[in-house]
Amino acid sequence: MKVSLSMKTIVDCLTEADWEECREPDGYARVRGLAIRYIGVARRRTSGRVSAHLADKGIAPDIISIVISDLERDGYIDDYKLACAVVRERRGRKAEGERALRFRMRGLGMKGEAIELAIDEEPIDDTTRVREFLETKCEQSIVQLANMTEFSETGLKIKSKVLRACGGRGFELSVALPVFDALVAELRDSLI
């Protein structure tokens, strides 16, 4: 009979004596092993998430710091690479402004310098991102407004709804409004 145990089951089965050994400086190898198992094969864990996981297991902060530094050096953890992936992923229908991207990546436990580097190296600004968002996610509303012969209360509600959606994605009104107005005008001109 074949028995299959997950890593979570194995980690949960460790005794208090095992955890005490991890808390000791000479338990470095064990703590590193715990971290690597938590990171897993996909290696999509940030330094903050791995640190929090180890802290939840009662590991001393100084050991965590050493293990995280070593795992970064060895390529197990790469906040910059993950930050770049998030920036690339949050385009089109999923587009977010820089403010929202920073908030998202901090929530994922990425280091501040990795976040800033990834955002700074992306050649796309918020104006382009909001345009992508409006063209893909809000296309129907833009078409409705472009087809209106005169601006009405309904038009104002549609515009407000779209601009609130932009704000919810971290786009400043000062960026979203001119792009929105330009898209409506471009569509109106193409319909004439």
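The model is predicted, so local features need pLDDT of at least 70 and side-chain atom pairs count only at pLDDT 80 or more, while totals for chains, interfaces and linings use all residues. Residues are numbered from 1 along each chain as its sequence is written, and side-chain values use heavy atoms, leaving out hydrogens and water.

**The whole chain**

- You'll find 12 helices and 0 strands in the protein chain; helices (H or I, at least four residues) and strands (E, at least two) are DSSP runs, numbered from the N terminus.
- Of its 192 residues, 39% count as buried, meaning under 20% relative accessible area, with exposed being over 50% and partly exposed in between (1.4 Å probe, protein chains only).
- Take the contacts between residues at least 6 apart in sequence: 67% of them join residues at least 24 apart, where contact means heavy atoms within 4.5 Å.

**Where H6 meets H7**

- The axes of helix H6 (residues 79-89) and helix H7 (residues 98-107) come within 11 Å and cross at roughly 140 degrees. Axes are lines fitted to C-alpha atoms, for helices over the stretch in contact, and angles run from 0 to 180 degrees between N-to-C directions.
- H6 and H7 are therefore oblique to each other: angles under 35 degrees count as roughly parallel, over 145 as roughly antiparallel, 65 to 115 as roughly perpendicular and the rest as oblique.
- On the H6 side, Ala83, Val86 and Val87 make the contact, and they meet Leu101, Arg104 and Met105 of H7.
- Those contact residues split into 5 nonpolar, no polar and 1 charged. Here Ala, Val, Leu, Ile, Met, Phe, Trp, Tyr, Cys and Pro count as nonpolar, Asp, Glu, Lys and Arg as charged, and the others, Gly among them, as polar.

**More on H7**

- Ala100, Leu101, Arg102 and Met105 are buried in H7.
- The buried residues of H7 pack against H6, helix H8 (112-121) and helix H9 (126-137).
- After H7 comes Gly109, with a positive phi near 90 degrees.

**Asp189 in H12**

- Asp189 sits in helix H12 (residues 173-191) and is exposed, with a relative accessible area of 56%.
- Asp189 and Ala146 are 43 residues apart along the chain, yet 8.7 Å separates their C-alpha atoms.
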